[in-house]
Amino acid sequence: MLDLTRFQALTFDCYGTLIDWEAGIIAAASPALAAAGRSATPDQVLETFGRFEHAHEEGDPAPLYPDVLARTWLDMAPALGLPADAAVAQKFGGSVPDWPAFPDSAAALAVLRKHYRRMGILSNVHLAGIGASRQRLSTAAGDPFDFVVTAEQTGTYKPHLRHFDRAREILAADGIQPAQWLHVAQSIFHDHGPAKQLGLSSVWIDRRANKPGAGATPVADGSWGLRVTSMAEFAAAVAQAFAAKA
């Protein structure tokens, strides 16, 4: 069993873990489908997105995430029976600030903030997009995060290790070593793979539990120290662990 009390820092993937990016993707695609009189199931939209997105994240430096999304839409549209309209692609690319938070995320983060010295986000989204999402994840106690590392800053996209390298530098400046750092994420491909490669402990927030397929992320193998199906479950496990230690 993973000892949740031995860590001093948590880092999170944001989209898929804290922000419901799959709901955001489906909502952003729906107007174009409706306007063209086309139908597609949510799983079809997500599988199509997952088939194309990562190819547009490759390159060093990589394009900003709104451009990645716009280019992804131009590939998705024909696959969904839609015209590859540049204006629609730009709108799809600008949809990140509208993506909703999972209902349990903000409250869970507020609980976790009580138990860990530092909390940060490692995200493939650009700074403007992550700024809007941080507002959605804040509570009356404020923004729970001390720092954020984005693809806009690193010039690369996870699963490239540069996000993790930068986080290690930030945490080391606070006297926190990798053994005291726990990464929390939904995506096996983007997060648990690199965490394992670096020897980091991780928690899998399996938001797609009991759903078929991999959704909007590529299929990948990985390992983790703890699997839960929600942020609420994770926060409860942390609170219980610290209470038992007190």
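Hello everyone. What we have here is a predicted model, where local features need pLDDT of at least 70, side-chain atom pairs count only at pLDDT 80 or more, and totals for chains, interfaces and linings use all residues. Residues are numbered from 1 along each chain as its sequence is written, and side-chain values use heavy atoms, leaving out hydrogens and water.

Let's start with the overall build. The chain has ten helices and six strands; these are DSSP runs, numbered from the N terminus, with helices being H or I of at least four residues and strands E of at least two. Its radius of gyration is 18 Å, close to the 18 Å from the globule rule for 246 residues, so the chain is as compact as a globular protein of that length. That radius is taken over C-alpha atoms, and the rule is 2.2 Å times the number of residues to the power 0.38. Along the principal axes, the C-alpha atoms fill a box of roughly 60 × 35 × 35 Å.

How much of the chain is buried? Of the 246 residues, 51% count as buried, meaning under 20% relative accessible area, with exposed over 50% and partly exposed in between, using a 1.4 Å probe and protein chains only. Among contacts (heavy atoms within 4.5 Å) with a separation of 6 or more, 72% come from residues 24 or more positions apart.

Now to the rings. A pair of aromatic rings is described by the distance of the centres and the angle of the planes. Rings of Phe, Tyr and Trp (its six-membered ring) pair if their centres lie within 6.5 Å; planes under 30 degrees apart are stacked, over 60 edge-to-face, and the rest tilted. The whole structure holds nine aromatic pairs.

Take Tyr15 and Trp99: their ring centres lie 5.8 Å apart with planes at 75°, so this pair is edge-to-face. The two are 84 residues apart, with Tyr15 in the loop between strand 1 (9–12) and helix 1 (21–35) and Trp99 in the loop between helix 4 (86–93) and helix 5 (105–113). Tyr15 is buried at 6% relative accessibility, and Trp99 is buried at 1%.

Next, Tyr65 and Tyr157 have ring centres 6.3 Å apart and planes at 40°, so they form a tilted pair. Tyr65 sits in helix 3 (residues 65–79), and Tyr157, 92 residues apart from it, in the loop between helix 7 (151–154) and helix 8 (162–173).

One last stop: ring pairs join Tyr15, Trp21, Phe49, Trp73, Phe92 and Trp99 into a cluster.
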